[in-house]
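User: I am about to look at a structure with you, and I would like to go through it by asking questions one at a time.

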Amino acid sequence: MAEQAEKVMQAAQAAQAAQTAQVRQDDQPAAALEPRTPAGPVTGAAGTVGTVGPAAGPSGSGAGRARPPVQSTRRTSSLRPSPSLAAARVAPVLSGGLPSASADTMPDWLEPAMAANGIGSFDWDIRRDVLEGDQRACAIIGLDALEVGRFDRTADSFLALLHPEDAPVVRRRVQRAVSELGQCGAYYRTVGPNGTMRAVRFRGRVLADAFGRASRMVGFVWDATVELHKRDRADRLAMLREDRSRFIKEAARALSEAVTVRDVARVFTELPLPGLPPDGLVLASFDAGRAQILGAFGYHPESLAVWDRTWLPAGHPASEALRQRTPVFVSTREEFRDGYPDVWEPTSRTGRGSWAYLPLVASGRAIGVCVVSFDDERELDADERTLLSTLGGLVAQSLARARLHDAEHELAAGLQRVMLPRTVPSVPGVTTAVRYLAAGSGLQIGGDWYDVVPLPGGHVGLVIGDVQGHDVHAAGIMGQLRIALRAYAAEGHPPAAVMARASRFLADLDTDHFATCTYAEVNVDYGVVYAVRAGHLDPMVRRSDGTAAVVPVAGGLPLGIDPDQEYRVTRFSLDPGETVLLCTDGLVEARGMDLDEGISRLARVLAGPLPPAAEAAHDPLEELADRIASQAADSSGREDDIALLLLRWDGPAGGLAAQQLRRRIGQADLARVAEVRAELRDALRRWGVAEFIDTAELLSSELVTNAIRHTDRDAMFTARLYREPEADGGRARLRVEVEDESDLWPTRRTPGEQASSGRGLMLVEALADAWGVEPRGSGKRMWFELSGTAAA
C-alpha cells in the first residue's frame, strides 16, 4: 500500500505541477511581492487529526515570506477555487476529483488510483495564503466534523488544527521546503472539536514562478490513523510493561520488609496488580496437607471457612498446583466445572469467573498457595502469567522467611517466659506491678529480668537486672543468676551480702557476660527500703504529693567483674501510698535520646496524675504500669528489652505503721547499728512520738553497741510503743529491749574525764524514765522506757 501510494503521489505531483505551469498567467504576483517565509513553530502530541497539507502561511501581503499551507473548509460547498487556478481545474476540485489534464500531464489511471488508495490532494497559494483541497483530503483530516468557523483556509488556521506537538515540526519542514524550493513530508495529528484525533501523512512540492520565487505548494495527503492506533497500542503495552516491572520491584521491596507471616499476608492482599486488577486474593499455607488461610481480599469469610484448617481434596486446583509445582490457570467457569467437578459447587458460590493458583515453593518444598481470581472470564496472556508466577515466587520466599521468624520468636518468647516469674507473689502491705517488653526479633532475646521475693519477717525483696547481650546464652545466664540471687535473698542475708554473693556466683560461672542489677529490701512494717546497686540505674520514687524523683543509691561494679567486690547499702523510706520504680536501661535509652533526657521523660510519666482507687476500673498502680509501658512501646528508637517493676507501700490499715520494730544485729556488722538507729527514727516519726527520737536513738545505740562489743554475740533489738486508754490520759510509752546470749551482766562505771567509754549506763540512768536488766533462759535482756504525751 505504501509503495503504491508513493508511486501514485509521484505521478500526481508531476501531473499537477505541469498543469499548474499552464495557468501561470492568473498566478503571477505583483512585481512588489516576494516569497514569504514560514511562521514560527507550534508544539503538539500524538494522536491528532490530520490536515490537508502543511502550512507556513504569509505574515502579510508584503514582499513574500512563505507560510505553511492551509486546509480546505468544512464542507465541499465551502471549498472555493483559488483565482489563480485554471477554470478547467475548479469543477473537479469541488466535485472531489482532480482537474482534467491532457494525456501528457494527467494519466487516466491517476484519479482511480488515488481514490482506491485514499489519497487526497491540496494546493496552497503561498502569496495569498489560501489553502484548497479536494473532498478526500477534507475527509482524511476530519474537516467535515469541525465547526465551519474554525478554518478560514489560512496557514495559521491550518496549524491550529494540528496537535501542539506536531505543529512546529510541520512548520519547520514547510519553511525549509519554501526557502529551498524543494519537497517536504511529515506525519502529523489533528484534534477535532470533540477531542478526537486523526493521523495524517502528507508530501508536497514547492513550485516557483517565472522569477524563481516560491509561488505555491502542491501535494497529497493520506490517512495514517491506523498507524496512530498501532503506536498508541505499542505505547500502552510499553507503559504496561514498565508498570509491571516497577510493580515487581515494589512488591519485592515490600515483601522483603515483611517480618511476620501476618505482615506477608497483609502486603500480599494489598498489592495492586497493574493492568490486571484482581477481584479476589487468597494466601494460604500448607502443613501436612492441611490448608490455613493466612489472608484474603474480596471474599466473604464464610466462603473461605470451608477450606480453612482442612484437608484439600486431590481434585482441587490448588492441590494440583502444589503437586506439579507449577501454576494452574482456569479461564472460564465451564473449564473449572469440567476439570474439577468435585470442588465446583463450593467454588461457584464465590461468583468468580477465572482463577490463577500459584504454588508457593521455597527450598524445593511447597509451603502454600496464592489464589488470584477475577469476576469475569478471561484468558491470561503470556505476560500476565509470567507476572503472576513471578509474584508467587516472591511471596513464597517471604512466607518461608516469615514462618521461620515466627517460629524463632515463639521459641524465644517461650524461653523468656520460663526464665521470668509467671506470677508475682502477693505480700500484705504492698502492691506490685511488673511489665516486660521485648525489643528483639527471632532469637535476639535479652537478659533483662525482674523478681519479687518474699523475705523472712514479712519483708519483701525487689530485683531488677540485665545480663549483657541479646542471645540465648544471655537468657540462660539470666535464668541461673535470677535463681541464685533469689535463693540468697530468701535465706535472709542482708542486701549487701546478697549482691556480693550473686557477683561471686556469676564470676564462678566462667562466662564472658556480666550483669547489672539493683536489689532492694523493703520493710513492709515501716516502709523502709534498703537498696544495693551493681552498675544499674538508680531507683525512682513517686511521692504522695505526685512528684517523682531519682533516689541516689551507692553503686558498685556490675556483677561478675570482681568476685571480691563489696557493696554499700543506701536506705530511704516511703510514706503510705508512695511508689518505688525499678527498671532496666531500655526504658530510658533510645536512638537520638541520651540517658538524662530519658530519665527526665520517665519522671514526667511517673508523676502524671492517677485516678482515685475508688473510681478506677483497675488498681491505679496497674494503670501507671500500662502508661509507662505504652510510652516506651511508642518509641521508634528503642532497641533494647525493657523490664519494669513497681511497688507501692500501702502501709497498715489507717495509714499508720505497725508500732513495733524488731531487728537482729550481727556481732561483726557494726554498720548495722547505724541502720537500726535510722529505722528507729523513722518508726517514731510514723508512730507520732517524734519527741522520743533523740533520746531513744542515743540510748538504743548505747545498748546495742555494748551488746555486740562486750559479749561476742549477736543482738536482737526490739522497740514497742504502748498507749494508755484515753480515759487515763492517752499517754504514750516507748519500751526498747536489747537481747543477747551472754551471761555477762553490764557493770556501771564512773569513767574519768579523759575516758573514751564507760558512760553508757550512766546515760541510760540519766535519760530513761525506767531501765533494767532481766535474765532469760540463755543470756539477758536490757531495756529502757520513755514516757510522753499521745500523738498529735
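User: In what order do the strands of the open sheet of 5 strands run?

Analyst: Before answering, note that this is a predicted model, in which local features need pLDDT of at least 70 and side-chain atom pairs count only at pLDDT 80 or more, while totals for chains, interfaces and linings use all residues. Residues are numbered from 1 along each chain as its sequence is written, and side-chain values use heavy atoms, with hydrogens and water left out. Strands here are DSSP runs of E with at least two residues, helices are runs of H or I with at least four, both numbered from the N terminus, and two strands pair if DSSP finds at least two bridges between them. The pairing in this sheet is antiparallel, and the order is S23-S24-S25-S27-S26.

User: Which strands form the edges of this sheet?

Analyst: An edge strand pairs on one side only. In this sheet that applies to two strands, covering residues 660–665 and 770–775, and they are S23 and S26.

User: How many bridges join S23 to S24?

Analyst: Strand S24 spans residues 715–723 and runs antiparallel to S23. Within this pair, Ile665 stands opposite Ala715, and Arg663 stands opposite Phe717. The number of bridges joining S23 to S24 is 6.

User: Which residues of S23 lie on its covered face?

Analyst: In a regular strand the side chains alternate between the two faces of the sheet. In S23, the uncovered face carries Gln660, Arg662 and Arg664. The covered face is made of Leu661, Arg663 and Ile665.

User: At what angle do helix H19 and helix H20 pack?

Analyst: Helix H19 covers residues 671–687 and helix H20 covers residues 693–710, with their axes 10 Å apart; axes are lines fitted to C-alpha atoms, for helices over the stretch in contact, and angles run from 0 to 180 degrees between N-to-C directions. The packing angle makes H19 roughly antiparallel to H20, a term for angles over 145 degrees. That angle is about 150°.

User: How many residues of the contact of H19 with H20 are nonpolar, polar and charged?

Analyst: Contact means heavy atoms within 4.5 Å, and the residues that meet include Val673 and Arg677 in H19 and Ile693 and Glu697 in H20. Ala, Val, Leu, Ile, Met, Phe, Trp, Tyr, Cys and Pro count as nonpolar, Asp, Glu, Lys and Arg as charged, and the others, Gly among them, as polar. The contact divides into 7 nonpolar, 3 polar and 4 charged.

User: Is Ser285 buried or exposed?

Analyst: Ser285 lies in strand S6, residues 280–287, and among the residues it touches are Arg290, Ile367 and Arg403. Buried means under 20% relative accessible area and exposed over 50%, with partly exposed in between, using a 1.4 Å probe and protein chains only. Because its relative accessibility is 4%, Ser285 counts as buried.

User: Which residue of S2 is the bridge partner of Asp125?

Analyst: S1 (residues 119–125) has 7 of its 7 residues buried, so this strand is largely enclosed by the rest of the structure. S1 pairs in the antiparallel sense with strand S5 (residues 214–223) over 7 bridges, and with strand S2 (residues 130–133) over 4 bridges. In S5, Asp125 has Arg216 as its bridge partner. In S2, the bridge partner of Asp125 is Val130.

Key
Angles under 35 degrees count as roughly parallel, over 145 as roughly antiparallel, 65 to 115 as roughly perpendicular and the rest as oblique. Lists of a residue's contacts leave out its neighbours within four places in sequence.
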